[in-house]
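Subject: A structure for you to explore

Hi there,

Here is the structure I promised to pass on. Please open it next to this email and follow along as you read.

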Amino acid sequence: MRTIYLVRHGQTLFNVHHKIQGTCDSPLTKLGVAQAKAVKDYFKKKKIHFDAAFCSTQERASNTLEIITDNKLPYTRLHDLHEKSHGEYEGQDEFMLPWRRGFSRVNAAMEPDREVEQRMEKAMTKIIDLTRADDTILVVGHGTALRLFTQAVNPEFKNYGNCGIVKMTAIDNRLKYVDYVTPAKDVSLPEKVTKKNILIVR
């Protein structure tokens, strides 16, 4: 039985500024790097070792994967794992999304959700074809694409936070949802020491 861990990338600059990211890219923030390190520590603590690793062709996913694996595990980039394309909306503020303004989620300018789900299924089929029946596999991708794929397996699933992890098992091509964990949820960066946040006791 294969064990598959699906991980969303760490926080990016576009996440901070509430920009629509999609197929364009922005770098991990310092917090995003710290989140990826928290995931690395989680897997280490759980004694989870990966036999194979895959990610999308986008830098925020590959950078997250390299942090999680200490850049010691060869990995394969798969185009079909990339984030949902938001077309002409990419790079704009999130409030420009049609459904944020009362319109339908179906929009001709964007990649349809069903197509995202289908190419994610295609990518996962390829991953299963490229790995052995008892492998433990790491897959790093994106919030919307991973959510749509996960909901196809478990319709009750809600969404991925930055560096959220879904565990699935696979026998042949039959996938089973196991659980969702968020070891990076409470990660924060230390505040800078300034005169304003130093309490002087006299």
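Predicted model: local features only at pLDDT ≥ 70, side-chain atom pairs only at ≥ 80, totals over all residues.

Residues are numbered from 1 along each chain as its sequence is written, and side-chain values use heavy atoms, with hydrogens and water left out.

Back to Arg119, which has its place in helix H4. The helices (H or I, at least four residues) and strands (E, at least two) are DSSP runs, numbered from the N terminus. Which residues does Arg119 touch, not counting residues up to four places away in sequence? They are Asp80, Leu81, His82, Glu83, Lys84 and Glu111, where contact means heavy atoms within 4.5 Å.

The sheet

Six strands make an open sheet with mixed pairing, in the order S3-S2-S4-S1-S5-S6. Two strands pair if DSSP finds at least two bridges between them. At the edges are strand S3 (76-77) and S6, each of which pairs on one side only.

You can follow Val7 in both directions: Val7 stands opposite Ile165 in S5, and the bridge partner of Val7 in S4 is Val140. Tyr5 has Leu138 as its bridge partner in S4.

Helices on the sheet

Helix H2 lies across S1, S4, S5 and S6 and runs at about 50° to S5. H4 also packs on the sheet, touching S1, S2, S4 and S5, and its direction makes about 135° with that of S1. For these angles, axes are lines fitted to C-alpha atoms, for helices over the stretch in contact, and the angles run from 0 to 180 degrees between N-to-C directions.

Where H4 meets H5

How do helix H4 (residues 113-130) and helix H5 (residues 143-153) pack? Their angle is about 80° and their axes are 9 Å apart. H4 and H5 are therefore roughly perpendicular to each other (under 35 degrees counts as roughly parallel, over 145 as roughly antiparallel, 65 to 115 as roughly perpendicular and the rest as oblique). From H4, Asp113, Val116, Glu117, Met120, Glu121 and Met124 meet Ala145, Leu146, Leu148, Phe149 and Ala152 in H5. These residues divide into eight nonpolar, no polar and three charged (Ala, Val, Leu, Ile, Met, Phe, Trp, Tyr, Cys and Pro count as nonpolar, Asp, Glu, Lys and Arg as charged, and the others, Gly among them, as polar).

Eight of the eleven residues of H5 are buried, so H5 is largely enclosed by the rest of the structure. The buried residues of H5 pack against S1, H4, S4, S5 and S6.

Aromatic pairs

The structure holds eight aromatic pairs. Rings of Phe, Tyr and Trp (its six-membered ring) pair if their centres lie within 6.5 Å; planes under 30 degrees apart count as stacked, over 60 as edge-to-face and the rest as tilted. Tyr5 and Phe50 have ring centres 6.0 Å apart and planes at 85°, so the pair is edge-to-face. The two are 45 residues apart in the chain, with Tyr5 in strand S1 and Phe50 in the loop between helix H2 (30-45) and strand S2 (52-55). Is Tyr5 buried or exposed? Tyr5 is buried, and so is Phe50. Ring pairs also link Tyr5, Tyr42, Phe43 and Phe50 into a cluster.

Two loop residues

Asn71 has a positive phi of about 55° although it is not a glycine. Asn71 sits in the loop between helix H3 (59-68) and S3, and is exposed with a relative accessible area of 52%. Asp172, in the loop between S5 and S6, has a positive phi of about 55° too, and is not a glycine either.

Enjoy exploring!

Definitions and conventions: Buried < 20%, exposed > 50% of the residue type's maximum accessible area, 1.4 Å probe, protein only.
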